[in-house]
Amino acid sequence: MISFSTALLLLVAGYFIYGLFVSRVFGQDPSRTTPVKRLADGVDYVELPTWKIFLIQFLNIAGLGPIFGAIMGVMFGPAAFLWIVFGTIFAGAVHDYMSGMLSLRSDGASLPEIVGAQLGGGIKNVMRVFALLLMILVGAVFVYNPADLLAMLTPEHLDKTFWIVVIFAYYMLATLLPVDKLIGKLYPVFGFALLFMAVGIMVALYAHADAMPEVWEGFYNHRTDPEANPIFPMMFVSIACGAISGFHATQSPMMARCLKNERHARPVFYGAMVTEGVVALIWAAAAIAFTGGYEGLAEYMGNGSPAILVNDISKTWLGAFGGILAILGVIAAPITSGDTALRSARLIAADFLGFSQKKIVKRLLISVPIFMLCFAIMLMPYEVLWRYFAWCNQVLAVFTLWAVTMYLARRRKLYVITLLPALLMTAVTVTYILYAREGLSLVTWPLMGVSVSYTTAVAGGLAVAALFLFLFAKALKGRQPDIIPEEFV
């Protein structure tokens, strides 16, 4: 457990040390007036207590990724633990904090608007469509798994179909009602359940310390098909929400509209991501310890799903009552990402259409088509939905990181803190799209599914990263730091 304890301490230290450094680089200013002070509308711009905003942000971003993604991703071996720790500190938390601050400085604007302000009108329009569709896809994806888990816990007549209807109905209410009426009241309960789950599993981990291998033991890819699933780029996409996820940047604007002072931005945005990294670390370690090692986990996953493993770990380690609370925490995670994903979709559409959302009629005008499209997407096979969500999610992170890098560079700030993650995630995402089956089927379908070798895919990823770096340097050359509209200063 030396490795696990060290990783845990590094995550906590990362928040206090690197998180403070990042906030100073950006120029966090407690004296600035936040959007909610000027634009309060009782619907989306609602001043909330900081602790509640933290829990909402944490639950928004902590979907199934840091739990299911960590369980499946840990099969890449000890490299998974390193990615969770250092990816969270130097990439994911920076990505979340910077996107949250950009929204805070731009009246709570949604992600496509703040990215477009830095990368141009063409990128803005692409991002509007891409982000909107991704939010609807997330809403659809995060219906199935909690429905599965709830069906396990309830009588047989309350089957998966019943819970899908109930969850989707809740999503509709959470999308339409003022943020403090439903989300603001339920999230603290869900948040404590999820945190109880994490703490309970962590304590149980130390009780089963002898079953947990150290990082330096067996440092290689433990997947049964390592040639088809190389650590680069597959691990970086499999473990997304526990390290860096583009979806998070779509959630930050919701809380930027409720934050009463900029000094709370670091605990809300950077801190929520670090907390998610801790959750991912705990579940990755728990999966290995509970099944007796990488081989045991591979055998276990071959006979079941991550949902079954989560259920078994919780009941075995925490007992019946603790297990139910822990499972409820895991159920809350995807539900509280799915509902805010659809709420984000409404805000994104409202921003680019210029529709005020104060009146329920205007909210319905935008939300009803979103609900209809989400329902249509839900009719597709779950495996297909999840397959494309994975890499689309990281494409969003790539554009967000480049936009933030441009923002910092134009103000002559230390932009290297976002440039390096931007280059890494560009290479990862392009390589994944070229090499992975789920990316390849979209990119090379005109070529009748011609396969791309791993070497070629990596070369393509590095080439695109180098091209983006060249375009970034060219965009900065000769430009003055005052070219950004005043509202984004």
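Trainee: Is E47 buried, partly exposed or exposed?

Mentor: Happy to start there, with two notes on the source. This is a predicted model, in which local features need pLDDT of at least 70, side-chain atom pairs count only at pLDDT 80 or more, and totals for chains, interfaces and linings use all residues. Residues are numbered from 1 along each chain as its sequence is written, and side-chain values use heavy atoms, with hydrogens and water left out. Buried means under 20% relative accessible area, exposed over 50%, and partly exposed in between (1.4 Å probe, protein chains only). The relative accessible area of E47 is 40%, so the label is partly exposed.

Trainee: Which residue forms a salt bridge with E47?

Mentor: A salt bridge needs a side-chain nitrogen of Lys or Arg within 4 Å of a carboxyl oxygen of Asp or Glu. For E47, the closest N and O atoms of the pair are 3.0 Å apart. The pair links distant parts of the chain, with E47 in the loop between α3 (35-39) and α4 (50-61) and its partner in helix α3, 10 residues apart. That partner is K37.

Trainee: What kind of pair do the rings of Y18 and F21 make?

Mentor: Rings of Phe, Tyr and Trp (its six-membered ring) pair if their centres lie within 6.5 Å; planes under 30 degrees apart count as stacked, over 60 as edge-to-face and the rest as tilted. A search of the whole structure finds 20 aromatic pairs. In this one, the centres are 5.7 Å apart and the planes are at 40°, so the pair is tilted.

Trainee: In which helix do Y18 and F21 both lie?

Mentor: Helices here are DSSP runs (H or I, at least four residues), numbered from the N terminus. Y18 is buried at 17%, while F21 is partly exposed at 35%. The two are 3 residues apart, about one turn of the helix, and that helix is α2 (residues 18-26).

Trainee: How many residues apart in sequence are the parts that F26 and Y97 tie together?

Mentor: The ring centres of F26 and Y97 are 6.3 Å apart with planes at 85°, so the pair is edge-to-face. F26 is buried at 1% relative accessibility, and Y97 is buried at 0%. F26 lies in helix α2 and Y97 in helix α6, so the pair ties together parts separated by 71 residues.

Trainee: Which helix gives the most to the nonpolar patch?

Mentor: Patch residues have over 30% relative accessible area and no salt bridge; like charges are joined within 9 Å, and nonpolar side chains (Val, Leu, Ile, Met, Phe, Trp, Tyr) within 5 Å. Here L10, L82, F86, F90 and F219 make a nonpolar surface patch of about 440 Å². F86 is partly exposed at 40% relative accessibility, and it also belongs to one aromatic cluster with Y18, F21 and F90. The top contributor, with 3 residues, is α6 (residues 79-104).

Trainee: Over the face of which residue does R411 lie?

Mentor: A charge sits over a ring if NZ of Lys or CZ of Arg is within 6 Å of the ring centre and within 35 degrees of the ring normal. One case is K362, whose charged end is 5.9 Å from the centre of the F355 ring. R411 is at 4.0 Å from the ring centre of Y407.

Trainee: How many residues of helix α5 are buried?

Mentor: The buried residues of α5 include P66, I67, F68 and I71. Helix α5 (residues 65-73) is mostly covered, and the buried count is 8 of its 9 residues.

How values were computed:
Areas by Shrake-Rupley, 256 points an atom, 1.4 Å probe, with all protein chains shown as cover.
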